Amino acid sequence: MLKLITLASLLCFTPALHAQTKPAQHFPIRYHDPIPRHTWMIPVQKDVKLEVLDWGGTGRPVVLLAGLGDTAHVFDSFAPILAKRYHVYGITRRGYGKSSHPKTGYGVARLSKDVLAVIHVLHLKKPVLVGHSIAGEELSVVRRK
């Protein structure tokens, strides 16, 4: 019982102690992203651009599509491994991350056209399309075209 009271007391006083500390001076943070990649903003429709990551590599192109709620950055640790054998790209679908957030165009038909537009702009020949979760629905429509 004593341990519980001590813990409760500590939890009650911690916010008060934190509030009394002076905030640190703000200096510009120089952040270096350790993942080697190039970022493109590729137009897929009037006023709509998608963030496309290019992790480089040689060989057949591989295009990665994230699941719902994620950006192409979800593949940052996985893509460099693939880039040892393939040229790897990742597409952040509209409405997420740095891609445009238009009011419309979120149906599977439009999203699959976005994927095809990126492939066309990058001049990719016979890319391997890899989708996680909901991206499989987009890829199913792309496959039929």
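The legends below describe close-up views of a predicted model.

Residues are numbered from 1 along each chain as its sequence is written, and side-chain values use heavy atoms, with hydrogens and water left out. Local features need pLDDT of at least 70 and side-chain atom pairs count only at pLDDT 80 or more, while totals for chains, interfaces and linings use all residues.

**View 1. Pro43 in strand β1.** Pro43 belongs to strand β1, residues 38-45; strands (E, at least two residues) are DSSP runs numbered from the N terminus. Pro43 counts as partly exposed because its relative accessibility is 47%; partly exposed lies between buried (under 20% relative accessible area) and exposed (over 50%), with a 1.4 Å probe and protein chains only.

**View 2. Contacts of Pro43.** Beyond its neighbours within four places in sequence, Pro43 contacts Val48, Lys49 and Val121, where contact means heavy atoms within 4.5 Å. Val121 is 78 residues from Pro43 along the chain, and their C-alpha atoms are 8.4 Å apart.

**View 3. The two sides of strand β3.**

View 4. Strands pair if DSSP finds at least two bridges between them. Strand β4 (residues 87-92) runs parallel to β3 and is joined to it by 5 bridges; here Leu64 has Gly90 as its bridge partner. β3 also pairs in the parallel sense with strand β5 (residues 128-131) over 4 bridges, and in β5 the bridge partner of Leu64 is Val130.
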